[in-house]
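Trainee: Could you take me through the pocket and the ligand in it, with the cut-offs spelled out?

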Amino acid sequence: MGARPKITVVGAGNVGASVAQYTVEKELGDVVLVDVLDGIPQGKALDLAQAGPVHGYDSTLVGSNGYDETADSDIVVITAGLARKPGMSRDDLLFKNAEIVGSVVDEVVKRSPSSILVLVTNPLDAMVQLAWKRSGFPPNRVVGMAGILDSARFRTFIARELNVSVENVTAFVLGGHGDTMVPLPRYSTVAGIPITELLPKDKVEALVKRTAGGGGEIVALLKSGSAYYAPAAATVEMVEAILKDKKKILPCAAYLDGQYGVKGLYVGVPVKLGRSGVEQVIEIKLTAEEQAGLNKSAASVRELVEKLKL
Ligand code: APR
């Protein structure tokens, strides 16, 4: 490993392997892939390295069942844990994944005490809260991926509905990564025009509903696991914003200390992501209805977090 940034990805399953793939395809740095399964991270790292000559990247890829190779990582992406099966909610994964994420955090913070942790494992908001507590890191260096994915799903549906480029569509989603997420049509636009001016109310509501159930729709189709291409793409957008110090405004699970009326809890909000991690929580004015939606979402995150007795 040399002068390039170092990115560790823990969990070399569907999401983790795709995060590694997109990371090296964008040449964001060198990647260490860690998993408990013998041979899987090693095999996937070698396979991805061998795509390098074709795709034209020189990033180093290392796979391991241990953590020594992860030392001094700039970013650690945590995807380790169980994925949903049909009929399961993200919350059903709570205790098992808490055990896994807790042990992963212990291993990575020992070796990369200055890293930024990006959590992907579900139930997302509770896992970020756990990782923050367990790491002892300041809250700006522990962040969760959810809002970019949820808003990317919303953007996809809006673009299809209006037959326009996804690049013209921005979308805003607040709250926890679950059934209580709060898509904000008022702040979701096509080339700057709010979708509330382009689509009838019932259409907007249908797209919002499909977005909130977007993960479940894919679980029902795949039957053997959950989504991974879009989750990985969303995660790598965060990795890129951090490593390149882009100061990009993105919806992420971030620690709230009174913003939006929420205190001491990780919830999805727009933040500024740069080289120090979460550099600012962006507060926008919400209508009473939107604030009520966010309160409800935060309450359900808090309920899960309380079960963990952190
Ligand atoms: N340490 C490291 N890796 C682990 C550990 C552990 N303690 N426990 C499990 N893993 C690994 C598994 O061996 C598996 O390879 O985590 C990987 C998870 O991969 P998948 O089962 O393919 O699940 P994936 O679709 O990648 O989802 C991972 O991200 O989006 C969330 O809800 C999803 O919580 C799930 C996570």
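Mentor: Happy to. Helix 4 gives the largest share of the lining of the largest pocket, 4 residues; helices are DSSP runs of H or I with at least four residues, numbered from the N terminus. This is a predicted model, where local features need pLDDT of at least 70, side-chain atom pairs count only at pLDDT 80 or more, and totals for chains, interfaces and linings use all residues. Residues are numbered from 1 along each chain as its sequence is written, and side-chain values use heavy atoms, with hydrogens and water left out.

A pocket is an open set of points on a 1 Å grid over the protein atoms alone, where a 1.4 Å probe fits, with protein on both sides within 12 Å along at least five of seven lines; lining residues have an atom within 4 Å of a point. The largest pocket is lined by 41 residues, with Thr 79, Ala 80, Gly 81, Leu 82 and Ala 83 nearest its centre.

The ligand sits in this largest pocket, meaning that more than half of its atoms lie within 2 Å of the grid points. Around the ligand are 19 residues, and Asn 14, Val 15, Asp 35, Leu 82 and Asn 122 come nearest; a residue counts as near if one of its heavy atoms lies within 4 Å. Helix 4 also supplies the largest share of this shell, 3 residues.

As for polar contacts (pairs of N or O atoms within 3.5 Å), a polar side-chain atom of Asp 35 is 2.6 Å from a ligand oxygen atom. A polar backbone atom of Leu 82 lies 2.9 Å from an oxygen atom of the ligand.

Conventions:
Polar contact = N/O pair within 3.5 Å; in protein donor to acceptor, adjacent residues only side chain to side chain. Helix = DSSP H or I, 4+ residues; strand = E, 2+ residues; numbered from the N terminus.
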